[in-house]
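Subject: Structure for your review

Dear colleague,

Please find below the structure that I am handing over to you. My findings follow it, arranged by topic.

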Amino acid sequence: MKRYVTLIFISFFLIFIPLNSHAQCKGFAKNVCKMELVPYTHDGNYHAAVLTEGEEAELYKTFYSGQEYRIAICGSDNLPEIEFKIMDASQNVLFSNKDKDFTKTWDFKLETSQQLKIAVKVPTRGDKSAEPESGCVAIMFGFKVK
Amino acid sequence: MSIMVNKMFTRAVFLAFLSMFLFGCKSGNQKQPAEESEITVDVSELNQDLFQDINEAKQIFYSLPSPLETAMLIRSAGAIYDEDLLNNVDNSGNYTTNKSMALNLGIYTCDLSFASLYDQTQASISYMNAAKKMADGLGILDAINDETIERLEENINNRDVIMDIISETFMNSSSYLKENDRTAIAAIVLVGGWVEGLYLATQMVPDSVSLKNNKLVDRIVDQKLSLDIVMRLLADNSDNPDVQSIQKDIDDLKAIFDKIIMKTSSNLETSVDTATDVTTIKSQTQVTLTPEVFKELKKKVEIIRSNYIS
């Protein structure tokens, strides 16, 4: 009987944990990361995923001339500080938050519209014997309404 | 009791396998390898280069301008509000398929944003209701509920709050769709909003006007940069028949956008305003656009959009 109960528990665990991790990311993006955009207006797009230490993500977006933007990139508390770089079409690094004490935001504007790449990395901790942590990482954009 | 427990066990194992199948096999946003190309000053080739290392195993996101950003871009280019250009809310009853509801969720959200940016209070409420109808039809639970409409009505004269409500409802819709593995629908919603923005902008440029030093025309040309992202977003979901039909439209648009020559400086420079901590990305872009090509683009966008709202 105990075996069956354990199996049932595992089944529910398998079913609901993936959904919960997504739901946590939505809540994390909405309630935590979006706050980093203030006073900019969030564009409404949702980009969030569960990443594990050592994993990377990339985002491609066109930014328009004459607009003022804020990028906010946040990770769950259990993750190390998230690294991010902004690159132009020639792969030149325009900004790296490693040089700015791992800031979560970057404010910028462009003279001409450009497609940029945002490269995000969850660094690994020094302790290799420890199990790598996973958590939500959200990438959000805000602009100033003119 | 033992039969009951055995049944429970069987169900538990079945559910475990079902869950592993449903959630464990998800491919996420990883993309197929992209072709490498040499760096030149042509924007199309530069953008290909940007995608060059995409074959590595990592999460990839393609971000199109949201309907709110699209409407804001049109407004900041000096467009004048013209309600006749928007998709009539009375059409909302005509949309019954997932494709038409998804496209028109994007279209109505763009129209809602556009009306709100011009402080069109009654139109904003009507378009929020039309967007709600599309979201409800798509089974997007509680993205826009009665409370949202009430909040909108209560704050109808506060543009900042209205923008926040629109942004929140759009995020609710897109996060719900992505969380429920309906990424094809999420992509169609975005493309609907993008096409609506392109339609509004092209319609607001009279045939007789000069294309040079025209901010609205500049914004339209800029969409050549987003076209790449539209195509990749759709390619990711190309197993969906609705997406396949939209890809044909976008291919037609690409053929016209390819006639617009856009050259940009290959190495961008940055400067930081120490007072505001805002970085300016410095660059120069040269655009060649003939009136014939613009006319062709305007016509094609009109046809595509007309199909989407009919």
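A residue is called buried here when its relative accessible area is under 20%, and exposed when that value is over 50%. Cys136(A), at 6% relative accessibility, therefore counts as buried. Please bear in mind throughout that this is a predicted model.

Disulfides

Searching the whole structure, over all chains, gives two disulfides. One of them is formed by Cys25(A) and Cys136(A), whose sulfur atoms are 2.3 Å apart. This link is left-handed, with -100° about the S-S bond. Cys25(A) belongs to helix α1 (residues 2–33) of chain A and Cys136(A) to strand β9 (residues 134–143) of that chain, so the bond ties together parts that lie 111 residues apart in sequence.

With the bonded cysteines counted along the chain, the disulfides of chain A follow the pattern 1-4, 2-3.

In chain B, Cys110(B) is buried as well, its relative accessible area being 0%.

Confidence in chain B

The average pLDDT of chain B is 86, and 82% of its residues score at least 70. Residues 1–5 of chain B have a pLDDT below 50, and this stretch makes three contacts in the model beyond near neighbours in sequence. Residues 17–40 of chain B likewise stay under 50; for them the model has 38 contacts beyond four places in sequence.

Cavities

How many cavities of 30 Å³ or more are there? The count comes to five. The largest cavity has a volume of about 110 Å³ and is lined by 13 residues. Those nearest its centre are Thr70(B), Ile74(B), Gly197(B), Arg219(B) and Gln223(B). Helices α3 (67–76), α8 (183–203) and α9 (215–235) of chain B each contribute at least two residues to this lining. By class, the lining of the largest cavity consists of nine nonpolar, three polar and one charged residues.

With kind regards

Note on methods: Residues are numbered from 1 along each chain as its sequence is written. Chains are lettered from A and ligands numbered from 1 in the order in which they are written. This is a predicted model: local features need pLDDT of at least 70, side-chain atom pairs count only at pLDDT 80 or more; totals for chains, interfaces and linings use all residues. Side-chain values use heavy atoms; hydrogens and water are left out. A disulfide is a pair of cysteine sulfur atoms within 2.5 Å. Helices (H or I, at least four residues) and strands (E, at least two) are DSSP runs, numbered from the N terminus. Buried means under 20% relative accessible area, exposed over 50%, partly exposed in between (1.4 Å probe, protein chains only). pLDDT is the predictor's confidence in each residue, from 0 to 100. Contact means heavy atoms within 4.5 Å. On a 1 Å grid over the protein atoms alone, a cavity is a set of points where a 1.4 Å probe fits but cannot get out, and a pocket is an open set with protein on both sides within 12 Å along at least five of seven lines; lining residues have an atom within 4 Å of a point. Grid points are joined across faces, edges and corners, and a volume is the space filled by probe spheres set on the points. Ala, Val, Leu, Ile, Met, Phe, Trp, Tyr, Cys and Pro count as nonpolar, Asp, Glu, Lys and Arg as charged, and the others, Gly among them, as polar.
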